Amino acid sequence: MKKSDLVVKPLDLSFGAHVHGIKLAEISDTDFSDLYQIWLQYGLLIFTDQWLTRTEQIKFAKRFGALEFEIAALSNVLEDGTLRPDNDTDEVIQVLKGNMGWHHDSTYMPVQAKGAVFSAEEVPSSGGATGFADMRAAYNALDDQLRQKIENLRAHHSLYHSQQKVGHKGTRGSHQGGFDAQKEDTYAGYGFHDGPVSIRPLVKAHPETGEKNLLIGRHAYNVIGMSSAESELLLQQLVDFSCQHPRIYHHEWKPGETVVWDNRRLMHQATPWPMNERRVMWHSRIAGSPQSELALTK
Ligand SMILES: [Fe+2]
């Protein structure tokens, strides 16, 4: 059997690794099988000089499982090449700004995402890093009292809620059946659905590693059994505690790079960049398993 070509260089943190020695567009089954195990181990893998086309990115993302959506531009550039207006009238900008709060993807959906493949096509001269935070290490670092307090708590998760907190009243989207990523405006409506609000535990075992992780972030609110003020305080306390050294990493992007993260373990955040500069990123979202990532109903 062919020996794997992968070279893994872990970050000096509780998670994350650079992986060299492969081209994701042509990864073999053997290498992918090794890569998947490394992904589960480190939670975040970073690959330089990949330059994936959209088709190649979708194909690579599908190796991790079915996709929640194939690919979406996270960008301040319009299809005609001009920049989006940096103001409250542009829904994509409002969602991009909302995403500067720490979060797991799609906790507001009936099924939380498994992970994501994210690539840089154009990056600004400064800013625009993506932050990642290790919720497994955060859970393990909690003191016993807090760990016991939250062990069986559940919170609501909603994109309406999280966007309202940053001053954006979301319009209803058509999440049923996904959306057309070529029509970038439609991304702004993604996740504003009107089904039952998802309820999720604050502590959740990872379905593949069995390790416990905090499941919190900007979409979480109204912990069941608490006043909304008490809930807000607790959730913020957990985010503040979790998202600090050595449990966070901010990736400064270079064009051509790709990362893949485990959304069941990590939270992430966007960071500001000069909005008069172009930033074009491509996001493919890997669907969670309904067996393990389905929201609770109460
Ligand atoms: Fe996100």
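Does cysteine 243 count as buried or exposed, and how many C-beta neighbours does it have inside 10 Å? Cysteine 243 counts as buried, because it has 20 C-beta neighbours inside 10 Å, and 20 or more is the cut-off for a buried residue. This is a predicted model. The protein chain holds 8 helices and 15 strands.

**Overall build**

- The protein chain has 298 residues and a radius of gyration of 18 Å.
- Along its principal axes, the C-alpha trace spans about 50 × 50 × 35 Å.
- Buried residues make up 41% of the 298 residues.
- Take the contacts with a separation of 6 or more: 80% of them link residues 24 or more positions apart.

- An open sheet is built from 7 strands, in the order 1-2-3-13-5-15-4. Its pairing is mixed.
- Strand 1 (7-10) and strand 4 (67-75) stand at the edges. Each has a single partner strand, so one side of each is left without a neighbour in the sheet.
- On average, neighbouring strands of this sheet are turned by 20° against each other, direction ignored.
- Strands of a sheet pair through backbone hydrogen bonds, either parallel or antiparallel.
- Strand 5 (residues 115-122) and strand 15 (residues 280-286) run antiparallel, joined by 7 bridges.

**The loop between helix 7 and strand 12**

- Cysteine 243 sits in the loop between helix 7 (228-242) and strand 12 (248-251).
- Leaving aside neighbours within four places in sequence, cysteine 243 is in contact with Trp102, Ala133 and Ile248.
- Glycine 131 is 112 residues from cysteine 243 in sequence, yet their C-alpha atoms are 9.4 Å apart in space.
- Proline 246 lies in the loop between helix 7 and strand 12. The peptide bond from histidine 245 to proline 246 is cis, with omega near 5°.

**Positive phi outside glycine**

- Aspartate 49 is not a glycine, but its phi is positive, near 50°. Aspartate 49 lies in the loop between strand 3 (44-47) and helix 2 (54-62). It is exposed, because 11 other C-beta atoms lie within 10 Å.
- Asparagine 222 is not a glycine either, and its phi is positive at about 45°. Asparagine 222 is found in strand 11 (residues 220-223). With 19 other C-beta atoms within 10 Å, asparagine 222 is partly exposed.

Key
Residues numbered from 1 in each chain as written. Predicted model: local features only at pLDDT ≥ 70, side-chain atom pairs only at ≥ 80, totals over all residues. Helix = DSSP H or I, 4+ residues; strand = E, 2+ residues; numbered from the N terminus. Rg over C-alpha atoms; globule rule 2.2 N^0.38 Å. Buried ≥ 20, exposed ≤ 12 C-beta atoms within 10 Å, placed from the backbone. Contact = placed C-beta atoms within 7 Å. Pairing = 2+ DSSP bridges. Axes fitted to C-alpha atoms, helices over the stretch in contact; angles between N-to-C directions.
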